[in-house]
Amino acid sequence: MISKILAIAKQNAKEGLYYRFDLLLYIFNFIIEITVYVFIWLAIYNNGNQVLGMSFEQITTYYILVVSLSPIINWGINEIMGNAIREGEILRELLNPISYFKYYFGIRVGELIESAIVGIAVFGLCALLFGVLLPAGIVNFIFFILVICLAIVVVYFFEIIIGTTAFYTNSIWGVEIFKRAVLSIFSGMIAPITIFPEFLQKIANILPFKDCIYTPISIYFGELSNIEILQVILKQCIWIAILYIIAKILFNRAIKKITINGG
């Protein structure tokens with residue numbers, strides 16, 4: 001079964017990497033975005049040595065990591081799912097020898113290869129241009145990667161839930177915007193969670209999205225103890241189970257009421 005998932009991932013990655021000019025544009029746009037962040041924070045830090053308890057080097061590294069990691073959670077399978085449902089391809093996908101969830105996980109893994117290449121290129125180039133802080137230690141870096149990998153699974157099942165709404169709406173554009181807003185706010189992409197009002201911080205601590213961006217970066221900086229990191233991993237595993245159950249229930253109910261337009 002794993003071999004089938006990897007085969008789907010390989011094929012999807014080949015299709016994505018075929019358009020190399022698009023990848024270069026993604027990288028260029030992300031570097032421009034980071035440059036804007038750097039100059040904004042440079043202007044702010046001219047008036048003091050620290051902001052939000054972070055040095056200029058820390059906040060610069062934070063946003064370089066945020067932008068480098070953003071394709072992992074911002075890109076996704078929702079549009080592919082929505083188009084397949086709207087155009088009737090869902091019938092063929094349901095008849096595949098591999099389950100629907102595993103089929104789309106293969107597609108997602110293939111996309112992650114593309115997003116990882118973009119992210120690594122952006123981080124490397126920005127490290128040369130602006131400089132970055134290195135991980136607090138090798139153990140921190142390993143946990144940083146592990147938490148990101150679990151975050152990918154969390155986001156995947158969240159995307160399945162969002163994509164399933166296309167069974168009812170035939171268009172997920174509005175729900176996709178909602179998804180991006182939720183992830184951007186509660187993952188720490190817009191700003192570090194610590195500057196949020198207290199009630200938003202409490203919501204962020206409950207939801208799993210904080211552990212997609214903000215928490216891995218905190219681990220990268222060495223701000224969490226090993227016990228706290230293990231608690232984060234446990235929380236992610238619990239949320240993976242919760243989101244999987246929700247996605248499975250919603251999907252099973254949706255296919256019973258399936259209606260195909262143009263299929």
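Mentor: With that, the elements here run α-α-α-α-α-α-α-α-α-α-α-α from the N terminus on, so to speak a list of twelve helices and zero strands. Keep in mind that this is a predicted model: local features need pLDDT of at least 70, side-chain atom pairs count only at pLDDT 80 or more, and totals for chains, interfaces and linings use all residues. Residues are numbered from 1 along each chain as its sequence is written, and side-chain values use heavy atoms, with hydrogens and water left out.

Of the 263 residues, 47% count as buried, meaning under 20% relative accessible area (1.4 Å probe, protein chains only; exposed is over 50%, partly exposed in between).

Now the part I'd pick: α4, residues 78-87. Its buried residues are Asn78, Met81, Gly82, Ala84 and Ile85. Looking down the axis of α4, they fall within an arc of 165°, so they line one face of the helix; the arc is that of the directions from the helix axis to the C-beta atoms. Covering them are, among others, α5 (89-94), α6 (100-130), α7 (138-164), α8 (166-169) and α9 (173-186), where contact means heavy atoms within 4.5 Å.

Tyr104 is a handy link to follow. Leaving out residues up to four places away in sequence, Tyr104 touches Met81 and Ala84, as well as Ile77, Ile80, Glu93, Tyr156 and Ile160. Tyr104 is also one of the residues that touch the most other members of the largest nonpolar core, which has 66 residues; others include Tyr62, Phe101 and Ile217. Such a core is a set of buried Ala, Val, Leu, Ile, Met, Phe, Trp, Tyr and Cys residues joined through side-chain atoms within 4.5 Å. The biggest contribution to this core is from α7, with 15 residues.

One of the covering helices, α6, also packs against α3 (residues 56-74): their axes come within 7 Å and cross at roughly 160°. Axes are lines fitted to C-alpha atoms, for helices over the stretch in contact, and angles run from 0 to 180 degrees between N-to-C directions.

Methods: Helix = DSSP H or I, 4+ residues; strand = E, 2+ residues; numbered from the N terminus.
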